[in-house]
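Thanks for coming, everyone. Please take a moment with the sequence and the structure before I start.

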Amino acid sequence: MSNSHTELSARTFVDVHAIQEELDQVRWGLHTDGQESEAAQHAAAEARASVLNLIAVVSNEPELGEVTSVLERLSVTNPSRTLILLAQHTREADKLEAEVSAQERTESGHRVSTERVILHAHGEPARHLASLAAPLLISDLPVILWWPGRPQFDSPLFDDLCELADRLVVDTDEGFDDADLKRLLEVARRQKARASIGDLNWARLMAWRHVAAQYFDMPNMLARLAHIRGVSIFHGSDGSTAQARLLGGWIRSRMATVGLDVPLEFRPDDSLEHGVHRFLIYTGGDEGPARFSMTRLRGGRLSTQIRLGDQELAERTVRLETRATEELLGIELTLPGHDVLFERALAAALQ
Amino acid sequence: MAQAATAPLTQNVLRDGLILPRTPDPAAMVIFGASGDLTARKLMPALYNLALNRYLPSGFSVIGVADTALTEDEFRAHMEQAVQKYSRSQPVDRAVWQSLAEGISYVRMPFDDEAGYGRLAAELERLDRERGTNGNRVFYLACAPQFFSVIVDRLGAAGIARAGEGWKRVVIEKPFGNDLKSAQALNQAIHTVFNEPQIYRIDHYLGKETVQNVLVFRFANGIFEPIWNRRYVDHVQITVAEDIGIERRGKYYETAGALRDIYQNHLMQLLSIAAMEAPPNFDADSVRDEKVKVLKSIHPIDVANDVVRGQYGPGWVGGQQVPGYRQEMNVSPTSTTETFVAVRLKIDNWRWADTPFYLRTGKRLPSRASEIAIQFKNPPHLPFAKTAVQELTPNVLVMRIQPHEGASLKIAAKIPGPVMRLRTVNMDFFYGSSFMVESPDAYERLVLDCMLGDATLFAREDEVERAWGLVDRIEAGWAAQPPPAFANYPAGTWGPPEVDALIERDGRRWRRP
């Protein structure tokens with residue numbers, strides 16, 4: 001089946017009403033005189049599906065290009081209205097410009113349509129872009145705020161957009177330091193916080209958490225979980241270490257629910273690639289010592305092994321997906337409400 | 001140093017919050033018919049994909065059982081080729097395959113060979129010892145149905161299926177019997193070794209995401225259930241149409257026909273889930289209780305008036321000229337086996353009284369389509385001048401199982417302009433384009449459910465027997481009629497002419513799926 005991608009319209013506006021009118025036109029394929037076009041008749045015969053509003057905030061033009069490509073790929077499986085805010089309040093001259101476009105993709109015979117608005121603001125309007133974004137959202141659909149890079153936690157724009165959003169998605173792997181992680185936790189725990197927090201870095205840890213949990217799904221291993229003596233996490237030492245800390249925070253916070261304080265050992269290593277490389281769980285107790293290990297292999301795989309005393313049990317290799325940003329975002333878009341586990345893992349990581 | 005938890009753990013706290021299925025206990029799966037088509041096309045690719053996606057436990061092992069002369073290495077190589085060819089995930093990850101293959105072994109034996117079961121027992125004990133399978137076993141009968149009873153009998157005699165350490169489950173492929181009597185006999189034979197909760201009768205239709213989605217559609221959306229009854233529904237059409245012929249299955253099909261091959265299982269399953277009451281929860285018996293109630297409520301069918309059978313003759317499908325059924329390989333040139341069946345039935349309960357259900361299935365029809373179509377009644381009065389109610393197409397809610405899984409709702413809308421003109425439009429929801437995750441194959445879901453001990457999507461004893469009872473009634477009716485004048489529909493058409501009369505005498509028409 002052939003796939004295609006068509007840009008239906010791309011025009012520039014400055015007035016919110018003009019933007020709304022253009023959005024209606026690109027969504028339903030109306031002519032400028034408001035009459036129904038052939039495209040409109042076709043659209044009426046099929047109806048459009050939209051599952052969410054997505055707001056992305058970028059700070060410069062190169063980032064705009066990257067984010068636009070990610071969102072285009074995401075739109076195939078998440079037909080949505082996308083607002084991309086290029087907010088440059090440090091540039092002096094006031095400017096507000098909007099570009100409205102619609103994309104139509106045909107994938108495996110299914111037509112998916114998406115509208116996109118790029119709002120580009122300098123100076124004072126850049127601080128108040130939320131007031132322009134709000135009326136452009138499709139009503140009754142969830143609003144996801146994706147902030148690539150380190151969010152400007154102190155900017156009024158950040159607060160205003162968090163007020164609009166149902167979910168704030170960040171990537172703590174993008175240079176988040178301790179102060180950033182603390183701010184993120186504060187946002188998650190704000191009184192009356194509307195937006196829940198999603199972290200692409202947390203989504204990357206899904207396979208590690210899954211395999212670690214699987215060990216103790218086995219009835220004869222569950223008892224050992226109550227006797228965790230410690231955890232070691234080997235990780236690359238370049239860039240952010242947030243991923244390793246979140247993994248440690250996760251197991252620590254989980255075991256705290258049954259009154260167990262798990263010592264964490266972090267082993268940064270220059271020779272390892274970025275991110276978590278190896279995760280070891282040591283248990284003791286009456287059943288003797290055991291080690292549960294997970295090791296990242298080349299080619300997107302995870303090798304798992306249990307050692308009971310000196311005996312090595314069955315080893316297995318499973319997939320460790322290297323997911324593209326749009327895939328990670330796609331996961332975040334389907335998660336409901338506050339992710340209490342993430343928030344607790346984040347808090348434990350900061351202890 | 002960490003202290004121990006204050007109390008022994010009764011649940012895996014690391015599992016909390018993971019939106020992933022629980023991992024089954026380490027187990028050994030014994031596949032009878034391991035050198036056959038089903039194992040190669042479906043089972044082994046399903047196991048590979050489960051392993052790839054981290055759903056299988058450490059120590060999971062497979063013992064292939066067949067009477068084909070193969071060494072263990074040859075069997076593994078054969079399985080690897082099958083995965084390469086049929087896995088939905090490509091390319092095949094060699095390291096993951098190797099990891100799975102380490103747990104694969106092969107026992108060559110005829111299925112009735114008592115000594116062979118001794119070797120099988122020894123192999124299972126080895127796996128318990130070396131791979132920690134702890135006595136947990138799935139016996140998967142992927143072989144010809146005539147071996148079902150003998151395998152179960154020998155498993156019982158050899159003590160392999162005996163309760164003790166670990167759980168024991170048996171998976172049985174369709175056809176589960178070929179009439180009520182044989183199904184009852186088979187149930188009885190299996191029950192001498194396995195209890196009903198240990199028996200998993202597979203109908204892969206139930207493993208399809210979109211079949212399960214019918215239940216979600218009905219019971220998780222408040223707007224549909226209030227109108228899902230005789231007051232608002234005019235009638236229901238359920239179609240399982242295939243554009244292919246019988247391919248190389250002539251020998252089997254001659255003894256089965258459309259009635260046994262599709263009507264008894266797939267169509268009855270779709271009917272049950274379309275018509276059932278809401279279960280109190282989604283556990284196995286709650287769901288199956290409601291499905292069985294539907295089958296119990298089916299009004300006795302008047303075979304002469306409410307059933308149409310057909311057999312395809314030569315014709316054209318998809319631009320290709322195709323032979324008639326009687327010209328297919330391993331088919332008698334005078335065969336009276338039906339390749340098409342349509343049934344009009346009614347369900348005697350408060351929800352559906354007097355609402356007809358039209359079911360049809362056939363081979364070599366113009367297109368491949370499986371769907372449940374709920375046609376609603378017309379509005380009683382249309383207050384628009386010069387627009388007669390009859391001009392409007394009724395609202396139809398279609399749940400498509402395949403292809404293009406999804407749902408569509410046909411509604412009326414005004415055509416823009418000064419004159420009040422109405423037009424019918426479709427609101428479509430494509431399942432595939434609305435979710436990021438690729439749908440797993442039905443076998444992946446069902447194998448995993450079996451290992452987790454969840455029988456919700458498997459047929460229960462009474463369900464199977466009820467469905468066979470309905471088939472037997474139709475067979476008896478046909479036996480009392482003169483032999484049919486087959487072939488009575490050309491390949492590439494929607495069945496014999498009588499099928500239109502079946503629905504048109506009620507003032508209705510078949511949908512074109």
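This is a predicted model: local features need pLDDT of at least 70, side-chain atom pairs count only at pLDDT 80 or more; totals for chains, interfaces and linings use all residues.

Let's start where the chains meet. How many residues of chain B are in contact with chain A? The count is 51 residues of chain B, against 58 residues of chain A. Now the area. The size of an interface is often given as the accessible area lost when the parts come together. Here, chain B and chain A bury about 4,600 Å² between them. Carbon and sulfur atoms account for 58% of that.

Between chain B and chain A we count 4 salt bridges. Look at Arg254(A) and Asp16(B). Their side chains meet in a salt bridge, at 2.9 Å from N to O.

Next, helix packing. Two packed helices are described by the angle between their axes and the distance between the axes.

Go to chain B. Find helix 7, residues 209-219, and helix 8, residues 250-275. Their axes come within 9 Å and cross at roughly 15°. Angles under 35 degrees count as roughly parallel, so helix 7 of chain B and helix 8 of chain B are roughly parallel to each other. The crossing is right-handed. Which residues make the contact? From helix 7 of chain B, they are Val211(B), Val214(B), Leu215(B) and Arg218(B). From helix 8 of chain B, they are Leu270(B), Ile273(B), Ala274(B) and Ala275(B). By type, that contact has 7 nonpolar residues, no polar ones and 1 charged.

Over to chain A. The pair here is helix 7, residues 178-188, and helix 13, residues 340-349. Their axes come within 10 Å and cross at roughly 145°. Is this crossing left-handed or right-handed? For helix 7 and helix 13 of chain A, it is left-handed. Helix 7 of chain A brings Leu181(A), Leu184(A), Leu185(A) and Ala188(A) to the contact. Helix 13 of chain A brings Phe342(A), Glu343(A), Leu346(A) and Ala347(A). The residues of this contact divide into 7 nonpolar, no polar and 1 charged.

Last topic: salt bridges in general. Side chains of opposite charge can pair when their charged atoms come close. Over all chains, a search of the whole structure finds 54 salt bridges. One more to look at joins the side chains of Glu290(B) and Lys293(B), at 3.2 Å from N to O. Where do these two residues sit? Both lie in helix 9 of chain B, residues 284-296. Glu290(B) and Lys293(B) are 3 residues apart, about one turn of the helix.

That's my tour.

How values were computed. Residues are numbered from 1 along each chain as its sequence is written. Chains are lettered from A and ligands numbered from 1 in the order in which they are written. Side-chain values use heavy atoms; hydrogens and water are left out. Axes are lines fitted to C-alpha atoms, for helices over the stretch in contact, and angles run from 0 to 180 degrees between N-to-C directions. Helices (H or I, at least four residues) and strands (E, at least two) are DSSP runs, numbered from the N terminus. Angles under 35 degrees count as roughly parallel, over 145 as roughly antiparallel, 65 to 115 as roughly perpendicular and the rest as oblique. A crossing is left-handed if the near helix is turned anticlockwise from the far one by less than a right angle, and right-handed if clockwise. Contact means heavy atoms within 4.5 Å. Ala, Val, Leu, Ile, Met, Phe, Trp, Tyr, Cys and Pro count as nonpolar, Asp, Glu, Lys and Arg as charged, and the others, Gly among them, as polar. Buried area is the accessible area (1.4 Å probe) that two parts lose on being put together, summed over both.
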